[in-house]
Amino acid sequence: MKFKSDFLQTLDERGLIHQGTNLEGLDQRLAAGVVTGYIGFDATARSLHAGSLIQIMLLHWLAETGHRPIALMGGGTTKVGDPTGRDQSRALLTDSEIDANIRSIKGAFERFLNFGAGGAIMANNDDWLSRLSYVEFLRDYGSLFTINRMLTFDSVKLRLERESPMTFLEFNYMLMQAYDFHELHRRHGCALQMGGSDQWGNIVNGVELCRRKDGAEVFGLTTPLLTTASGKKMGKTESGAVWLNADMTSAYDYWQYWRNTGDADVGAMLARFTKLPMAEVSRLAALGGAEINEAKKILATEATALLHGRPAAEEAAETARRTFEEGASASGLPTMTVSRAELDAGLPLFRAFAETGLIASNGEGRRHITAGAIRVNDVPRTHENPLTTDELVDGAIKLSVGRKKHALVRAI
RNA sequence: GGAGGGGUGGGAGAGUGGCUAAAUCCAGCAGACUGUAAAUCUGCCCGCUUCGGCGUACGGUGGUUCGAAUCCACCCCCCUCCA
């Protein structure tokens, strides 16, 4: 499909479009002038993770192509809990937890969007959802939704089929999300809601609500569900989610996450999570054999630069180069510091490994020793004797678990 | 309110008095092979341990028993049907 608008053209060639309510109409609207579009984000955790990145890129491209993005924080909807894709209710968060999460999440957006006069907008649906009065809302909006229709949504069907309870509270989530669109349309002239393909039903509801309430045509657009070629969900690794907040996932770890992309996914990842021109993306993705590693490094550096800034990305790349290609200790690795005296006295081996996050328990450490996975200064460690001053190399001791996880102990 | 079914480790799901820290599968970790890839094979996968063990754990609390995830009582929660 060929689009006239830069926005849809860009999204299309980067593989970011799954489906739209009226792509042709949206294309025309985008080509004719500035369109305001939004994406809603849950506030269930202190940080968004890599799975949300595709949505953030969408907002980013919307701004890049001359339009106005709104990042909608789900302060109100998080109080209810999105049942989409969940076969069980989730625990409810308190208001203060949600507020704290929103504050913590904001930072990541500032890397991708320019907020402020004339720029991107950050909104919080708690501002309007919490003010709705029940009876009024039911009369004005509840009357526009039929249970018959709501029961056909996948999010509801899943629960019914699994005989897993869905509370009335959760059942209302879709009304609230639809109302968000309507509210943003009124407040900001917002005419586009985007989201992951799992949000399709919720988005369509919002589009319909705007038409019924305001007689306005607004649009919905979804992205493909992000999975790797082997079918795994994006943004999860062995050690849990890949967070966007630097204090939860360091720039180095973030870089490593992208560096470890499977061969088959490199092209798609470059297109979706970097801003490299598509010609360059195609060239890199076409590299074969070991050469594709170069493409992965570029992917890692570009993706990390978008979130953590170019200096941090290059530092991560350099740390990785020294660690993996030269087998040296590099200062950018996760580091713990101990006093000289403590090291003189002997630093318990597993304490060092645990504090640098390489192992979760002593038992795990012992297992790793048995398996030959523990190395100190790149020498396999077959015993659990403490670390000592003698093992310092250039002021640090390098700890490794397996071939990918490294850290430093530094004496001060 | 009544009748029946159910609540087991990150998830799914066996087990129905000792052989059970609990089958199996998925997820995860490590080793081998490689290219910090994929696939495959192998080992591991509650915590602590002076490696002898110890402590926790099968919704909760009590009880029976030499011994309980398994039996009993009460309670909590979920599901189905009936009212």
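1. A salt bridge here is a side-chain nitrogen of Lys or Arg within 4 Å of a carboxyl oxygen of Asp or Glu. By that rule, the structure holds 17 of them.

2. Some housekeeping: this is a predicted model, where local features need pLDDT of at least 70 and side-chain atom pairs count only at pLDDT 80 or more, while totals for chains, interfaces and linings use all residues. Residues are numbered from 1 along each chain as its sequence is written, chains are lettered from A and ligands numbered from 1 in the order in which they are written, and side-chain values use heavy atoms, with hydrogens and water left out.

3. Have a look at E391 and R381: they form a salt bridge with the closest N and O atoms 2.6 Å apart. Both partners sit in the loop between strand 11 (379-380) and strand 12 (396-401), 10 residues apart. Strands are DSSP runs of E, at least two residues, and helices are runs of H or I, at least four, numbered from the N terminus. E391 and R381 are both buried (under 20% relative accessible area; exposed is over 50%, partly exposed in between, with a 1.4 Å probe and protein chains only).

4. R283 pairs with E280 at 3.2 Å between the closest N and O atoms. The two are 3 residues apart in helix 15 (residues 278-285), about one turn of the helix. R283 counts as partly exposed because its relative accessibility is 47%, and E280 is also partly exposed, at 26%.

5. D378 and R375 meet in a salt bridge too, at 3.8 Å, N to O. Here D378 is partly exposed at 32%, whereas R375 is buried at 16%.
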